[in-house]
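Dear colleague,

Please find below the structure that I am handing over to you. My notes on it follow directly after.

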Amino acid sequence: MQKLLQLPVNAVNIVKSVQGVVQGQEEALSPVLTPDSSPQNWYSAVQPEELRHLRSGGMGGGGEGSEDRPGLEEGLTSVQSQPLRHDDLKEMLDSNKDSLKLEAMKRIVAMIARGKNTSDLFPAVVKNVACKNIEVKKLVYVYLVRYAEEQQDLALLSISTFQRGLKDPNQLIRASALRVLSSIRVTIIVPIMMLAIKEAASDMSPYVRKTAAHAIPKLHSLDPEQKDQLIEVIEKLLADKTTLVAGSVVMAFEEVCPDRIDLIHKNYRKLCNLLIDVEEWGQVVIINMLTRYARTQFLNPNINESLLEDSSEKAFYASDDEEDEDKKAEAAALVKRKPYVMDPDHRLLLRNTKPLLQSRNAAVVMAVAQLYFHLAPKAEVGIIAKALVRLMRSHSEVQYVVLQNVATMTIKRRGMFEPYLKSFYIRSTDPTQIKILKLEVLTNLANETNISTILREFQTYIKSMDKDFVAASIQAIGRCATNIGEVRDTCLNGLVQLLSNRDELVVAESVVVIKKLLQMQPEQHSDIIKHMAKLIDNIQVPMARASILWLIGEYCEHVPKIAPDVLRKMAKTFTNEEDIVKLQIINLAAKLYLTNSKQTKLLTQYVLNLAKYDQNYDIRDRARFIRQLIVPTDKSGALSKYAKKLFLALKPAPVLESPFKDRDHFQLGSLSHLLNAKAGGYQELPEWPESAPDPSVRNVEIPDWSKCTSRKDRKEKKLDKPFYSDSEGDSGPTESADSESDSGSGSESASASDESGSGSESEESGEETESEKEEEDEEKEKKRKKRLDKTKAKKPAEESAERCAIHTSYQINTIAPSGSIKMYELLHRITGEGLAVEYCFSRQPFSPDPNMVAVQIQFTNNTNSETKNLHIEEPRLQSGMRIREFAEIEVLAAGESVTVVMGIDFCDSTQAANFQLCTHTRKFFVSIQPPVGELMTPVFLTENDFKKEQGKLMGMNEISEKLTLGEKCVNEHVIVERVTATANLSRVPCGSDKECRFAGKTVSSGCLVLVTVTTKEGGRAQLTVNCEKMVIGTMLVKDIMQALSQ
Amino acid sequence: MIHSLFLINASGDIFLEKHWKSVVSRSVCDYFFEALERATEPENVPPVIPTPHHFLINVLRHRIYFVAVIQSEVPPLFVIEFLHRVVDTFQDYFGVCTEAAIKDNVVVVYELLEEMLDNGFPLATESNILKELIKPPTILRTVVNTITGSTNVGEQLPTGQLSVVPWRRTGVKYTNNEAYFDVVEEIDAIIDKSGSTITAEIQGVVDACVKLTGMPDLTLSFMNPRLLDDVSFHPCVRFKRWEAERILSFIPPDGNFRLLSYHVSSQNLVAIPVYVKHNISFREGSSQGRFELTLGPKQTMGKAVESVLVSSQLPRGVLNANLNPSQGTYTFDPVTKLLSWDVGKINPQKLPSLKGSMSLQTGASKPDENPTINIQFKIQQLAISGLKVNRLDMYGEKYKPFKGIKYMTKAGKFQVRT
């Protein structure tokens, strides 16, 4: 890696030129940089959503980058002027002085902060990823995380620095390496991230494990296909006993697999007990999750009360003939109702969350409050009120959210907040949105005893300068009046007084509210209606005018003299009214026509005629409809008989309801509750179960945890709970890998491998009954199926990876079983117009430069004329790659062929080397892409050396897979042949005949590559590759597996 | 959880953006600007704004909007609380949290934001840990840095995140070991027209400044802990001990922190330290209004009431005010109609008053709304609830620290309706 980073100057230039070319194409192709070696299928991996972001980000960069208003011209000038400034930044970054680098990085970060596009500096910045200076390094990380997604190829250059960091003895360095590695959103490193997370999940340091937990959602959002493996890691981390990890892993759980509630059972009590020591943000997440968990596992503590309520209600409404049945049902319910006993685990949760009401963090307090609201017995919910009232002292945003939740709570449990009534009194300095919410709470809290104080308070609010607030206050008075019968008259009088207010908005709002109130008892209030009829001359607000007209029309019998007069006035101004007023005028006319046709016949005709030619089609429609209905003609339909009934039907009084009425079906404290709409990712709060699920699932055998649990127990569990066995079966294949790489990973893997080898064991123990054997077989069967599923699931991912590796211009045929050297086609006879070119990896050292891979190229001239001046031009290489051309072939006669050798330093990557092959007449674009096995040269080691080196390359650097050998791989000889055909390795002598070992080193950086194939009975084998370069290791494993399983 | 953060100043410019996941285009802020336009006052912008693909959660502090972009369900308070924590951290680092300060320290800001969130989930929010990771800029350090080329980032790796006491770093050393505690109480009250109290509450905090060597373990006890009705603690306080013995036992963080905030139960009668006599009236038909205000001390336990500031939002119809203060100075802003009177100290022998006339818009009718009077004041050496610290003991270290306790009472939201 060091070499990669200390790029020679010309390499930098190459990078720049690649950059330049790519940027030229950028606009035409897509905003995401796509060097042509990168295959199209990367796109499919990027979510469409992400692409959108990328696009907007990428395009915004030019135009919006400028500090002021984004404008096209400015965008252009900034594009023109930026290259200059960026050049000096590049220079500074290339210098040896840390201070210069730091200065440059600071300026770059400042530009990022302002939203300017600095992506063209990527190659220059990424070189400094291994810089010694901590601050430079940190800023480079900041840059890298920001731009890696856009420049995936170049970002790969930095990966090995982090890989090295992952092995650092210092836990903080390990953690930060994992953090940055997982933050780079580059799809190709998904396998590396997966490995790193798995490794870190069993790290000694809890801090590293915490970071691993943080990395899980990152990987999940990058590649959702990894979900199953990630769930395994989550399961493992959930078992962690440190407070540091708990919050983070639950957060990962919520994001990756919130429905896998079964993973929580075993950890439930531990989480409850740890809760108070977890950091505050973790507490919030855990409490929210546990609320959901408790809803699925425990019984409703208020079940008896709700039953009581139900039955009393039924009795109240039941009609006589149904009564008997009802009584029976009631009796049944009473029988069913058992004395409720709270599950001790339920109690544990309530008890352990209670102290957190004292947290300084509003989010924690709110989380506990909602937990109590949703889970606690009615009698205990009250304790949260005090804490919530305390939050009202906090910032106005906090107040806003808390008040919304309090408003919902007050509808269900009014008594809880009654003692704190005065805390919701409104100050003139509160922002309007807070005032309105407080008003809502006050209205909800109003009852017979406190209504007089509340109304007095409302009276002062009506005098406020804030008109929106005044309007809301008037509505609140209206709601109090409807809810509490005793004060209805007082309220009505108060509102009528407001009708003489100077402010029109106040009057209008009062009219609307009075209308609603009058509907409840119109008989007693004809004088108010008269008063309002007078107001119609002055009030201009349409809603108020409409309300008055409706009132007069509806109760025209109470004001028989005034009503026609009002209609007369309105007919005069009809054309100038707003639409809602017009509709009400038509309504009024119709009603009067039906009750008092003598006086109003002409007026009604007149109004209907006006309406007939109105601009609004609603009004025209209404007029036509009403005319048909009320005016008797010859052809009038059956309906006109019922006109009076239709228009003057008794209308139910409107119910003035709180807008917070049914909000409590959303989990309180959630975003969805606040918006009263489901937000993405919202988890429904489940209803209480009818009967309690088995509480024993939460039992944990504490003493046995460290040891291997007895097999019998495990089996029993498996039998009665298939869910569990599934999840354990899932982890089977990978666990074996774990157990080798990490001896400390615990009992699970040990026992699992125990089981996998149980075939022979069960035979030994003759006492075991037959049935048990069957079980075991079943188990194995299941496991095998799982494994199959697994490989199936993996396939798409593998395929895409392979497609990455193989450039489209040529194909690798399946690797031949023989050890002969394979030829690849570089240029086909037809596309080359008679010139055919093939190449192979000769596996000879390339003498001019030992760091290069020798590629033997064979030209065949199939034309009738000679080809001249064969040479290479314009190599376009990934940064760090080098190429040593062969000497120009001056003449290639017709029908002749010639072989030359060129050297390519692939920089230990399987990226293709692209170049042009030129003849005297034509140029052909070609590319050579090496199979991973060709990137190494054999090394000769003794058995002891091998073991020593292997010991150094444990952990992250070790990849091992199980496989089943192909039919032809019968003996050691074939295995050796196949492995050496796949990769350029040499055999290492070995004492055991079950093992074959191979060693080699990568050509350009000289990293050791150690391969071990251990054969087992029944054609199974285990393949282990140790290599510092994990990408190489992973790919090599894949290739060798393929070769061996054929 | 938190996808991105945008900082927007009062004039509506986005001057800083930070993304923790994929980049979200800043055009998402257009929805925020729409809401800003709709809101009449800057504080009336709804804290949560839904947009087609995201949710914007914002807080307004120091005239800067901190707008967080959220993509999926998350408790809104979680985000709001975090944003406030960010502001507190900036304030802690730069002394003030203004646009200029953020722009000047943009690199430190970026480093802080990077440490505080990982993939949108809070990572290190404890100020002590952050200060180990990223040294706050001071004048001296800036000078030294420019000369030696050293940096703000801590040389050693911090251990705070790993210790059992995450809020305190190890190896703290002071030559003078001191521990100061400030008991500050605020009175929130609404007084009605006739001078009777509608509602009054006392909210208090105990702020501490602890500079002690090593790992001291402190206990603080009150003479009358029963007064405290509802409390919330810094995470360092051992809750069980408080439950059982009503004693605050804790290993303090290094430096300044809020140990405790409390609420004194509203059942107790709250002493109101000042009274206001007012006579604000407008006559029908005349373009003049009368304004008279007199302040006086009441139930102050013999302490002086200082730093008194009276402010009132006069009705929109008022054109100008021509007043005469017996002490202090007053200002009236004819645009915002805000009257403020800086009184200073109340002398019980000679009560401060503000008298004069207001001129109204000619022809306008008499405003029917009454202005509310907001009062601020301070009383030193007094905790109005009567709370008293009994003793402070230190365990775990050998030296003798200097201990200091200070009491103060302030007006919180103290309003007089007229």
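**Interface of chains A and B**

In this predicted model, chain B and chain A bury about 8500 Å² between them, 56% of which comes from carbon and sulfur atoms; buried area is the accessible area (1.4 Å probe) that two parts lose on being put together, summed over both. Of the area that chain B buries against chain A, B:Glu73, B:Leu77 and B:Phe121 supply 8%, more than any other three residues. The contact (heavy atoms within 4.5 Å) takes 94 residues from chain A and 100 residues from chain B.

Between the two chains there are 11 salt bridges, each a side-chain nitrogen of Lys or Arg within 4 Å of a carboxyl oxygen of Asp or Glu. One of them joins A:Arg393 to B:Asp188, with the closest N and O atoms 2.5 Å apart.

**A helix pair in chain A**

Helix H29 (residues 504-518) and helix H30 (residues 526-535) of chain A pack at an angle of about 150 degrees, their axes being 12 Å apart. H29(A) is therefore roughly antiparallel to H30(A), a term for angles over 145 degrees. From H29(A), A:Val511, A:Ile514 and A:Leu518 meet A:Ile528, A:Ile529, A:Met532 and A:Leu535 of H30(A). The residues of this contact comprise 7 nonpolar, no polar and no charged.

**Conventions**

Residues are numbered from 1 along each chain as its sequence is written, and chains are lettered from A in the order in which they are written. Local features need pLDDT of at least 70 and side-chain atom pairs pLDDT 80 or more, whereas totals for chains, interfaces and linings use all residues; side-chain values use heavy atoms, leaving out hydrogens and water.

With kind regards

Technical notes: Axes are lines fitted to C-alpha atoms, for helices over the stretch in contact, and angles run from 0 to 180 degrees between N-to-C directions. Helices (H or I, at least four residues) and strands (E, at least two) are DSSP runs, numbered from the N terminus. Angles under 35 degrees count as roughly parallel, over 145 as roughly antiparallel, 65 to 115 as roughly perpendicular and the rest as oblique. Ala, Val, Leu, Ile, Met, Phe, Trp, Tyr, Cys and Pro count as nonpolar, Asp, Glu, Lys and Arg as charged, and the others, Gly among them, as polar.
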